[in-house]
Amino acid sequence: MSDLPFAPVLSLIGLTLGLASAANAACLDLKQTNVLSFEGTLNYRMFAGPPNYEDVRKGDTPEPTYILTLAESICANGDEFVDPRDKFDQVQIFPESSDKAAPALSRDLRRWIGKRVVAEGASPFGAHTGHHHAPLMLPITRIALASVPTNRTARR
């Protein structure tokens, strides 16, 4: 029996595996130790926490949360709580607890709601508890207003 009829199937399997590897390579690697930078619109939302995680008005603990909404969806790998096949455009950000700049970061978070910002941090991880309200969590060490490109046309 000839192996020829199986060649197209084997090629298709190889192509599929190659594309899957390429797609995973384009995903954010959560195991990297570099500082990460995300740009997006800063949003604020109050989520319901314990005991029922349903409604603050019915007695659940309020959980104030800052969500960075990215302009384009991304994927991530390198953490058991993310699936590289899933794309998302929201990152929950919060001041890194060991950072001495946490009070200033908290102040900036409050005043820049609704603005385009750049947030930097390290040690991102996938959401895995009821307190995590976006697919990716990022303890931040810096936040700044995003620079707005200016139109530098000559005036006469």
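## Confidence

Over residues 6–24, pLDDT stays under 50, pLDDT being the predictor's confidence in each residue, from 0 to 100. For that stretch the model has three contacts beyond four places in sequence; a contact means heavy atoms within 4.5 Å. This is a predicted model, in which local features need pLDDT of at least 70 and side-chain atom pairs count only at pLDDT 80 or more, while totals for chains, interfaces and linings use all residues. Residues are numbered from 1 along each chain as its sequence is written, and side-chain values use heavy atoms, with hydrogens and water left out.

The mean pLDDT of the protein is 84. Of its residues, 78% reach 70 or more. Confidence is lowest in helix H1 (residues 7–26), at a mean of 46. It is highest in strand S4 (residues 76–77), at 98. Helices (H or I, at least four residues) and strands (E, at least two) are DSSP runs, numbered from the N terminus.

## Strand pairing

Two strands pair if DSSP finds at least two bridges between them. Strand S2 (residues 36–48) pairs with strand S3 (residues 62–74) in the antiparallel sense, over nine bridges. Here Met46 stands opposite Pro64. S2 also runs antiparallel to strand S6 (residues 116–121), joined by six bridges. On that side, Ser37 faces Glu120, and Gly40 stands opposite Val117.

S6 in turn pairs with S8, again antiparallel, over five bridges.

## Nonpolar core

A nonpolar core is a set of buried Ala, Val, Leu, Ile, Met, Phe, Trp, Tyr and Cys residues joined through side-chain atoms within 4.5 Å. Buried means under 20% relative accessible area, exposed over 50%, and partly exposed in between (1.4 Å probe, protein chains only). The largest core has 22 residues. Phe38, Leu42, Leu68, Val91, Ile93, Ile140 and Ile143 touch the most other members. S2, S3, strand S5 (88–95), helix H2 (102–111), S6 and strand S8 (136–145) each supply at least two residues. S8 gives the most, with four.

Ile143 shows how these elements meet. Leaving aside residues up to four places away in sequence, Ile143 touches Leu42, Ile93, Leu105, Asp108, Leu109, Trp112, Val117, Val118 and Ala119.

## Helix H2

H2 has four named buried positions: Ala102, Leu105, Asp108 and Leu109. Seen down the helix axis, they fall within an arc of 120°, so they line one face of H2. The arc is that of the directions from the helix axis to the C-beta atoms. Their cover includes S2, S3, S5 and S8. The face turned away from the buried side carries the exposed residues Pro103 and Arg110.

The structure holds one aromatic pair. Tyr44 and Tyr66 form it, at 5.2 Å centre to centre and 55° between the planes, which counts as tilted. Rings of Phe, Tyr and Trp (its six-membered ring) pair if their centres lie within 6.5 Å; planes under 30 degrees apart count as stacked, over 60 as edge-to-face and the rest as tilted. Tyr44 sits in S2 and Tyr66 in S3, 22 residues apart, and the pair links distant parts of the chain. Tyr44 is partly exposed, with a relative accessible area of 37%. Tyr66 is buried, at 13%.

Asn52 lies in the loop between S2 and S3. Asn52 is partly exposed, with a relative accessible area of 47%. Asn52 and Gly130 are 78 residues apart in sequence, yet 9.9 Å apart in space, C-alpha to C-alpha.
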